[in-house]
Amino acid sequence: MKKRTEVQQGTLGLMVLKTLDVLGPLHGYGMARRIEQISKDLLAVNQGTLYPVLLKLEHEGSITSEWGASENNRRARFYRLTRAGLKQMQAETHDWEQTAAIIARFFEVRAEDLT
Amino acid sequence: MRSLRRFLERLTNFVWKRRGDPRLREEMEDHLSLQTEDNIRAGMPPAEARRQAVLKFGAVEAIREDYHAEQGLPFIENLLQDLRYAMRLFSRSPGFAAVAIAMIALGIGATTAIFSVVDAVLLRSLAYPEPESLVKIFFNNPGTESYAVRFSVPELEDLRNRAGVFEQVSVSARGSIDLTGGSQPERLEAVAASPNYFSLLRANPQIGRLFDSQDVALGYAPVVVISDGLWRSTFAGDPRVLGRTIHLDNDPYTIVGVLPPGFRHPGRASSQDVEVWQTSGFSAAPDPPPTRGTRSLPQAWGRLKPGVTLAQAQDRLTAMAGELRREYPKDYPSEGKWTIEIRPLQEALVGDVRPMLLVLQGAVALIVFIVALNIANLLLARASGRQHEMAVRSALGASRGRIVRQMLTESLLLSFVGGAAGIALAEGALRLMLRLIPPTVPRLSEVTIDWTVLLLALLASLLTGLLFGLAPALHSSKPDIRGGVRGSVSGAGGTRLRDALVVSELAMAVVLMIGGGLLLRTLRDLIRENPGFNPSQVVAASVNLPYPTNPSLDPYLTIAQQTAFYRELRRRMNAIPGVELAAFVSDLPTTGQPFNFALGIEGRPSKSGEELRVEPVIVSPDYFRVMQAPLLRGRSFAEDDRDGNLPVAIVDASTARRYWPDRDPLGRRVRLGQDPASSWRTIVGVVRDIKQDGLDVDGVPHVYISIYQKFDAQQGVVFRDFSTVSRTSLPAGVLEPQIRRQVESIDPRLPVYNVTTMNEVLEGSLASRRFSARLVGGFAGLALLLASIGIYGLLAYVVGQRSREIGLRMALGATRADILKLILHKGIVLTAIGVVAGVILSASTASMMASLLYGVRPRDPAVFLVVPALFFAVAIMASYIPAWRATKVDPMLALRES
């Protein structure tokens with residue numbers, strides 16, 4: 001149980017960084033919606049779990065936040081990627097792609113390929 | 001890097017108590033309203049839109065907790081929370097906290113104080129560089145059972161030149177010496193040593209120089225090295241003291257150096273530290289000509305060559321002693337089996353006090369153990385009392401780890417506070433102990449609470465907390481939740497553990513009490529011991545006649561000159577108003593005796609393998625009358641027993657019994673020492689045994705010799721220190737200036753010192769025993785108290801747990817006597833087991849104490865009966881209180897409670 005949450009939290013952090021990189025500054029709800037749209041069911045429930053992750057990323061210096069006005073002129077907290085965050089995202093993206101590629105190669109392997 | 005930054009952010013938040021709650025609430029509110037708007041836009045009714053938004057957001061509490069944990073440092077927050085909680089708990093039951101803290105403090109305080117002494121005296125290495133190669137050299141005649149005998153200069157030369165195992169060998173002789181020239185003559189502790197003494201000990205001067213090869217002489221070199229203490233007290237720390245001439249026993253000496261404050265002569269400081277060091281070759285006056293058989297040197301120290309082990313050196317010395325015995329059969333009688341033994345310096349110095357320190361250490365270990373058991377019991381009792389609370393906590397979702405942590409925090413807090421209090425206590429206890437410890441314990445000046453001891457004490461307090469915290473924590477962290485919440489009584493497991501703890505506590509306390517009882521009984525017997533004389537209303541004062549190396553400076557060179565002085569002083573002292581009678585003695589009773597000599601008996605063939613030895617005591621006329629020591633036969637010394645008249649002697653009853661068991665010793669002739677020139681003395685009287693060597697030393701034969709007759713047992717051995725004893729009703733302080741005035745009016749250069757009553761001299765000789773007996777006795781009392789607290793606590797707890805059962809029994813017709821019996825029974829059974837175990841343990845270990853006992857057997861039946869009886873009485877009293885309280889249980893209340 002616990003393990004899965006950790007993986008999800010890790011991936012959630014990377015998704016946040018990527019979303020901010022692609023879409024620019026966003027508030028929490030906006031991010032939650034994007035992530036839900038793209039990942040389909042991740043964050044369909046328990047959207048609130050996003051906020052501790054945002055705080056952690058902010059503590060790590062990957063994102064910053066400030067109060068701003070939302071589309072319908074409401075006050076909302078906007079998150080923005082920092083340069084450290086950009087670097088972190090690129091590094092993690094690279095790691096992910098590498099891992100994914102390796103795992104993919106293992107999935108492609110069939111018994112006869114190994115003889 | 002990133003995690004460091006994250007940690008710092010959280011730390012800042014934690015320190016500034018920054019709370020993320022408002023921000024999260026605001027963000028949450030925004031999030032929900034945006035989602036609600038989107039839902040409404042998708043066609044939901046407003047109420048449903050809000051409900052769906054909340055559902056989608058998830059469990060708010062869990063998220064807030066995560067958020068909060070991310071915001072600060074939850075570990076420390078929990079710790080602080082636990083600490084606050086623990087403090088609240090302790091302030092709610094201050095009795096428990098005070099008892100637990102006091103017990104830990106006592107345990108740690110006592111350990112630290114005693115350990116500090118043991119550490120300085122036994123464990124810490126000597127304050128000389130490379131102490132491991134330093135040895136003390138002993139010369140023994142095992143065949144005649146005389147050990148640590150004196151040796152001669154040729155034997156010293158053999159150690160240096162023939163043995164081949166020593167880098168250096170040095171002689172030292174201790175004594176006291178008169179320093180004159182100041183406002184008042186002073187008596188100093190002096191050491192005369194070989195010139196290589198300081199280089200052997202690798203000492204360096206504070207100013208000036210120490211002895212070296214330029215000071216090599218046959219007799220005494222005219223130079224002297226002084227201690228830092230003497231330099232500061234008598235010479236005001238003046239560096240110009242170098243080159244100054246001082247007079248020691250009338251001889252002029254030039255001060256060449258001052259030792260640093262930390263330097264000490266490797267020996268027991270009987271009363272004072274050594275203040276002056278002289279150097280001598282011990283081969284010219286006042287020492288006798290150096291022949292192999294003239295053994296006058298008392299102490300030898302050696303430093304082994306690098307790479308030579310103790311065992312190798314010992315083998316070589318044993319072999320060399322054998323060669324010497326064959327080469328000089330005349331100087332080494334075959335029955336003596338003369339041999340040389342070396343012992344590490346540290347061991348040689350500590351030797352005598354070791355048993356006492358070990359017993360003290362054992363007592364401390366027992367006390368610490370008892371304290372530990374008691375605290376474990378206390379915490380255990382609390383833990384079972386708090387099972388309800390623990391059950392509620394787990395029901396509310398506290399994890400097992402969290403509960404364990406909280407309990408650990410509580411017990412660690414206890415042991416830290418207790419540890420801190422214990423260290424403070426140790427400081428006070430050490431000061432008290434240093435006042436109680438007899439000054440004969442070596443290296444006392446080095447005793448301080450040092451950081452190793454402190455660390456040990458802290459570690460002890462930490463371990464105590466962990467150990468005792470863990471057991472109850474684990475015990476209480478697996479409660480049966482439903483049973484616990486409902487308040488039902490736990491299983492028997494915990495109770496059995498507590499019974500075992502109390503029983504072992506009782507057993508330890510019994511062991512301590514029996515040990516204390518044996519020591520106290522020994523002390524009581526010794527105090528009641530008849531010293532052989534009447535010590536009350538006797539004032540003693542010591543005087544030191546100088547013994548210069550230059551005979552022309554010696555005003556007391558001949559026995560006639562000495563006699564004139566003694567007679568004049570006695571006449572003047574007898575004239576002091578308030579003094580009934582005065583006399584002189586070479587060594588006061590119970591202070592020991594530096595010399596013993598072979599005893600030759602006229603007409604008695606010397607049997608092989610037997611060497612008769614006696615200790616000489618030099619006394620003036622009237623000595624036995626002043627001391628009120630009964631003369632059994634014959635007469636006492638008279639003014640006529642002077643040089644030129646018949647040499648006479650008085651023997652004590654032990655000597656008479658041993659050497660003339662069935663004949664009258666009067667009129668027989670004896671001779672002291674092996675020197676054929678030593679005079680035959682006719683026995684004129686027999687006196688009752690006087691405890692000359694200490695109240696706990698029996699049956700050493702003594703021969704009394706008139707102070708007016710020359711002591712010629714051995715060349716080089718002279719008696720010039722003596723004590724005056726006066727029978728008087730005046731206190732010592734009043735008499736002191738009068739005695740001083742009388743001595744000064746004859747010779748103003750003579751110091752008068754150690755003016756005290758004979759009773760104080762006796763007390764002083766028991767100081768070491770009194771100290772250990774009181775300490776162990778105190779520990780025994782403490783153990784008794786702790787053990788009764790332990791048994792009381794256990795029974796009180798049992799009564800609390802069983803109050804419902806007791807109520808039920810009473811409701812069903814049990815009388816108060818039945819209830820009393822029910823509870824007392826448990827107390828009696830536990831005490832009986834504990835006492836029996838303790839008695840068995842004591843009986844099997846008591847022989848370890850044998851060397852500390854006198855006149856009391858290690859399994860003294862009285863102690864072994866009285867202590868358990870006393871213990872039983874106290875334990876039953878302690879059990880009676882909770883039992884009595886059990887009878888006060890109101891059946892209605894007890895039944896309604898559940």
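Analyst: The account below concerns a strand and its partners, and then some aromatic rings.

This is a predicted model, in which local features need pLDDT of at least 70 and side-chain atom pairs count only at pLDDT 80 or more, while totals for chains, interfaces and linings use all residues. Residues are numbered from 1 along each chain as its sequence is written, chains are lettered from A and ligands numbered from 1 in the order in which they are written, and side-chain values use heavy atoms, with hydrogens and water left out.

Helices (H or I, at least four residues) and strands (E, at least two) are DSSP runs, numbered from the N terminus. The strand to examine is β18 of chain B, residues 681–687. Because seven of its seven residues are buried, β18(B) is largely enclosed by the rest of the structure. Here, buried means under 20% relative accessible area, exposed means over 50%, and partly exposed lies in between (1.4 Å probe, protein chains only).

Two strands pair if DSSP finds at least two bridges between them. Strand β16(B), residues 648–652, pairs with β18(B) in the parallel sense over five bridges; within this pairing, Ile650(B) has Gly685(B) as its bridge partner. Strand β15(B), residues 631–634, runs antiparallel to β18(B) and is joined to it by three bridges, and Arg633(B) is partnered there by Val686(B). Strand β17(B), residues 669–672, is also antiparallel to β18(B), with two bridges; Val670(B) stands opposite Arg681(B).

The aromatic rings come next. A pair of aromatic rings is described by the distance of the centres and the angle of the planes. Rings of Phe, Tyr and Trp (its six-membered ring) pair if their centres lie within 6.5 Å; planes under 30 degrees apart count as stacked, over 60 as edge-to-face and the rest as tilted. By this rule there are 22 aromatic pairs over all chains. One of them is the edge-to-face pair of Tyr556(B) and Phe565(B), with 5.4 Å from centre to centre and 75° between the planes. Tyr556(B) is buried at 5% relative accessibility, and Phe565(B) is buried at 3%.

Tyr566(B) and Phe722(B) have ring centres 5.2 Å apart and planes at 85°, so this pair is edge-to-face. The pair links distant parts of the chain, 156 residues apart: Tyr566(B) lies in helix α18(B), residues 559–574, and Phe722(B) in strand β20(B), residues 721–728. Tyr566(B) is buried at 3% relative accessibility, and Phe722(B) is buried at 2%.
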